[in-house]
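The following paragraphs go through the arrangement of the chains and then the pockets.

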2 protein chains.
Amino acid sequence: MTAMDTDSAEHVIGVIGGMGPQATADLLAKLAAAAPVATEQEHLRVLVDSNPKVPDRNRALAGDGPSPGPVLADMAAGLERAGATLLAMACNTAHAFDEAIRSAVSVPFVSMIEEAADACLRQHAGARRVGLLAAPGCLRARLYQSALAARGLEPVLLHPERQRAFDELLYRIKLNHPPAALRPAMAALARDLVDAGADVLLAACTEVPLVLSPAEVERPLLDATWNLAERMVCYARRLEPLPDHALPRRAAA
Amino acid sequence: MTAMDTDSAEHVIGVIGGMGPQATADLLAKLAAAAPVATEQEHLRVLVDSNPKVPDRNRALAGDGPSPGPVLADMAAGLERAGATLLAMACNTAHAFDEAIRSAVSVPFVSMIEEAADACLRQHAGARRVGLLAAPGCLRARLYQSALAARGLEPVLLHPERQRAFDELLYRIKLNHPPAALRPAMAALARDLVDAGADVLLAACTEVPLVLSPAEVERPLLDATWNLAERMVCYARRLEPLPDHALPRRAAA
């Protein structure tokens, strides 16, 4: 577990995860699936801290629990110490605490939120109204509302009662309820957003793609997890320069 | 990323992985699925080094490439430094190099091989002939043949020509061929072992469960990955004492 020696070498990816653990496994699978390889050894090295002990993000953002910021900062610093040279996080809502992470490391941190909002524009030209399947804390912190507005896009939200149904579903996924039994409920929530005028749907919570597939939705479904995986492969292989948002605030020691 | 302070606390699991990366994601998903939880925070913390750069185990065991031992030892030591207190590895064949790992750390290392052989006895009393879906290096190193023989069980192997078909399939999985397209071929190999007299089948390679489910096989299918996940949850929560094979050779510093 040693860091890359040169600027031209491939990055070692570090994943701040465990929120929940199945979503982190999903990102790890997608990081492999998104990398074209001719040998096993061409796959990217990924260090993962899957730490489900991180305090609940939704409760913290509702003022009902401790901030996960310090734990996330420790995890990020630990991944950097272990050799990660490019970080990402397998939880959309936790990006409300991304400043704690950026302050704790001297390696780049790629935002799932910024990348997904960019992808809405890039992959769905013409779409204006983006339906958000997102956790309550993510909405409360306005992570996607702000990122979409900055790009001239409009968020479409669930009605409050249906959002509560989404929130319950989300926690059932985290607690190992059989995914097959949860799929119809998630598909119904996606349909609500289509009925409310969404041109494109965004799986803006890493639990969503565990129980929702594009085939189940009547509009394009952008998976923020898959999109992050594709972007991380691209950046780790230095096929594209890192976006400004990812650049470290703190110079390397 | 700090180690547990007391002997009574839950373990932090460390996974030596990346061989291949999809198989490691599968183990991570199974570690979550195997843990009964009432809150997200009750899930186990897992540190993963998914390092596909590990030299090819099958080639090394055929005398046709460098040993993965030193890299595996470095990964294990890195996981221990990062705070892991209980190690496992998401690759059956790589267990041929488990002594390199055990020599590099002072924390327990749970063997997927020993656990799967135990499970054959425990879960399938009466079964005597165990069909092995295993990589060529795993067979060459006689990891399962020895572990099964020590328990009075008899391995059933594929005919050499069919084993070569298995080997090719295995590498296609590692290189991201669509799993759905590979399922019929893996099911056919499983049927060959049933025809050869296997009472129970052992998915003795971590790529196998990615393309084979119990429903596709006419005999009980024991998944060494799922079994390892269940055992790790049990040991990490200290619900059962660690087996002798897992105890560290080197005392903690």
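**Chains and pockets**

Of the interface residues of chain A, 100% are also interface residues in chain B, so the copies meet through the same surface; contact here means heavy atoms within 4.5 Å. The model is predicted: local features need pLDDT of at least 70, side-chain atom pairs count only at pLDDT 80 or more, and totals for chains, interfaces and linings use all residues. Residues are numbered from 1 along each chain as its sequence is written, chains are lettered from A in the order in which they are written, and side-chain values use heavy atoms, without hydrogens and water.

A pocket is an open set of points on a 1 Å grid over the protein atoms alone, where a 1.4 Å probe fits, with protein on both sides within 12 Å along at least five of seven lines; lining residues have an atom within 4 Å of a point. The largest pocket holds about 610 Å³, a volume being the space filled by probe spheres set on the points. Its lining has 22 residues, and A:Ala29, B:Gln22, B:Asp26, B:Ala29 and B:Leu210 lie nearest the centre. Helix H1 (21–33) of chain A, and helices H1 (21–33) and H9 (179–195) of chain B, each supply at least two lining residues (helices are DSSP runs of H or I, at least four residues, and strands runs of E, at least two).

The second largest pocket has a volume of about 480 Å³. Its lining comprises 19 residues, with A:Asp26, A:Arg183, A:Pro209, A:Leu210 and A:Val211 closest to the centre.
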